[in-house]
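Q: I have a structure on the screen and would like to learn how to read its features one by one. Please take me through them.

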Amino acid sequence: MDKRDLNLDLMVDTLKAAAEPSRLRILALLSRGDLTVSDLTTILGQSQPRVSRHLKLLFEASLINRYQEGSWAYFRLAESLIVGDIARSLLDRLDNTDPLLERDLERLSSVKLQRRERAAAYFSANATSWDAIRSLHVPDGAVEDALIKIVGRKPFQAMLDVGTGTGRLLELFAPLYVRGVGIDINRDMLTIARSNLDRDGITNAQVRHGDVYSLPVDRESFDLVTIHQVLHFLDNPAEAIREAARALRAGGRMLIVDFAPHELEFLRDNHAHVRLGFNDGQMRDWLTEAGLMLEESRDLEPKGDDKLTVKLWLARDPRLLIADPDSTSRITESV
């Protein structure tokens, strides 16, 4: 729904959908992050059919979005500029000291605490293998500093993080984007990502279950797509890059982080690495096949032998350059 569609009747329908205490409470809760029917049932103290009915009416009025993750359905406040702004405008005028809203927020905190506890348990079970790999390359902080430098600090509209894992890149670039989306196939990792986003109060990002070869996002809708330490797990990295490139707007950028070629076979045997790193020529060919232009590559080399070199590749969708040759200087300034 866009501005020209929001005529008088649609505006009335939108306001009617929100003009009910339970539905307004639901909107207030969803403005603080993604929730399931089960979460809302627990927080509101209402039956599942009743909560589902409220969600159906809000969804039909385009006030909320719904997405499926296995057998669970998650809901969040609408992302559309017009209807979403209406919802946020109403919520900004709510008195959060209202006893009912205060109780809702207390129960929401309890739901989020349970998420964090599940995330902590998963981390504990897998920490040993992750720490073993981290010890082989430069510290994460050095990688993140390089990412910030290569992306720059100019704000943009939308970011997609493919294979989001713990959601760290969504956290890192949250000050820059209006809307962030992370996709991951592992539901345990999505639990961790949601917990991390909740912890840091990041409400302009969401994570979804999905496959890197079939991303559940609209085509040509993101300004920055990141693929961080994902490709070495895949049997077909080229296809994953092509799929991610379809999500880029004209002039949009793709940032890939992975390892340079190495001979650490134990990563294949013990840690499910399918590929033992990538070189610049290989990455350039894949990006070109996906319709992108490689602009820059950087190496972050560790100290010592038998270590992993982290590589960063920055590519761009060149369609804006083709349509407007004078845009070259403007694009360079944005990096």
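Q: Is Thr-36 buried or exposed?

A: The cut-off for buried is under 20% relative accessible area. Thr-36 has 6%, so it is buried. The model is a predicted one, and this value is computed from it. Thr-36 is found in strand 1, residues 35-36.

Q: What is Thr-36 in contact with, leaving aside its neighbours within four places in sequence?

A: Thr-36 is in contact with Trp-72, Ala-73 and Tyr-74. Tyr-74 has a further feature: Arg-194 lies over its face, 3.7 Å from the ring centre.

Q: How many helices and strands does the protein have, and how many of its residues count as buried?

A: The secondary structure comes to 14 helices and 10 strands. Of the 335 residues, 50% count as buried. Among contacts with a separation of 6 or more, 67% are between residues 24 or more positions apart.

Q: How do I read a nonpolar core, and which residues of the largest one touch the most other members?

A: In soluble globular proteins, nonpolar side chains tend to be buried together. Here the largest nonpolar core has 33 residues, and those that touch the most other members are Leu-147, Met-159, Phe-173, Tyr-177, Val-310 and Leu-312. Two or more residues each come from helix 7 (140-151), strand 4 (156-162), helix 8 (168-172), helix 9 (187-199), strand 6 (205-209), strand 8 (248-259) and strand 10 (310-316). Helix 7 gives the most, with five residues.

Q: Which residues is Leu-312 in contact with, leaving aside its neighbours within four places in sequence?

A: The contacts of Leu-312 include Ala-146, Leu-147 and Ile-150, as well as Ile-256 and Val-257. Glu-296, Ser-297, Arg-298 and Leu-300 are also in contact with Leu-312. Another core lies apart from the largest one; it has 32 residues, among them Val-162, Ile-227, Leu-248 and Trp-286.

Q: How many aromatic pairs does the structure hold, and what are the angle and the distance between the rings?

A: There is one aromatic pair. Planes over 60 degrees apart count as edge-to-face. The ring centres of Phe-278 and Trp-286 are 5.6 Å apart and their planes are at 70°, so this pair is edge-to-face. Phe-278 has 0% relative accessibility and so counts as buried. Trp-286, at 12%, counts as buried too.

Q: In which sense, parallel or antiparallel, does strand 8 pair with strand 7 and with strand 10?

A: Strand 7 (residues 222-228) pairs with strand 8 in the parallel sense, over six bridges. His-228 stands opposite Val-257 of strand 8. From strand 7 the chain crosses through helix 10 (residues 237-245) to strand 8, in a right-handed β-α-β crossover. The pairing of strand 8 with strand 10 is antiparallel, over seven bridges. Val-257 has Leu-312 as its bridge partner in strand 10.

Q: How do I read a helix, and which residues of helix 10 are buried?

A: An α-helix has 3.6 residues a turn, so residues three or four places apart point the same way. Helix 10 is mostly covered, with eight of its nine residues buried. Those eight are Pro-237, Ala-238, Glu-239, Ala-240, Ile-241, Glu-243, Ala-244 and Ala-245. The buried residues of this helix pack against strand 4, strand 7, strand 8 and helix 12 (280-289).

Q: Where does Leu-215 lie, and which residues is it in contact with beyond four places in sequence?

A: Leu-215 lies in the loop between strand 6 and strand 7. Its relative accessible area is 8%, so Leu-215 is buried. Its contacts are Leu-160, Val-162, Ile-183, Glu-243 and Ala-244. Leu-215 and Ala-240 are 25 residues apart in sequence and 9.2 Å apart in space, C-alpha to C-alpha.

Q: Is Ala-205 buried or exposed, and what does it touch?

A: Ala-205 lies in strand 6 and is buried, with a relative accessible area of 6%. Not counting residues up to four places away in sequence, Ala-205 touches Arg-76, Leu-170, Tyr-177, Gly-180 and Leu-197. Ala-205 and Gly-167 are 38 residues apart along the chain, and their C-alpha atoms are separated by 9.4 Å.

Technical notes
Residues are numbered from 1 along each chain as its sequence is written. This is a predicted model: local features need pLDDT of at least 70, side-chain atom pairs count only at pLDDT 80 or more; totals for chains, interfaces and linings use all residues. Side-chain values use heavy atoms; hydrogens and water are left out. A nonpolar core is a set of buried Ala, Val, Leu, Ile, Met, Phe, Trp, Tyr and Cys residues joined through side-chain atoms within 4.5 Å. Buried means under 20% relative accessible area, exposed over 50%, partly exposed in between (1.4 Å probe, protein chains only). Helices (H or I, at least four residues) and strands (E, at least two) are DSSP runs, numbered from the N terminus. Contact means heavy atoms within 4.5 Å. Rings of Phe, Tyr and Trp (its six-membered ring) pair if their centres lie within 6.5 Å; planes under 30 degrees apart count as stacked, over 60 as edge-to-face and the rest as tilted. A charge sits over a ring if NZ of Lys or CZ of Arg is within 6 Å of the ring centre and within 35 degrees of the ring normal. Two strands pair if DSSP finds at least two bridges between them. A crossover is right-handed if, with the strands pointing away from the viewer, the path from the first strand over the helix to the second runs clockwise.
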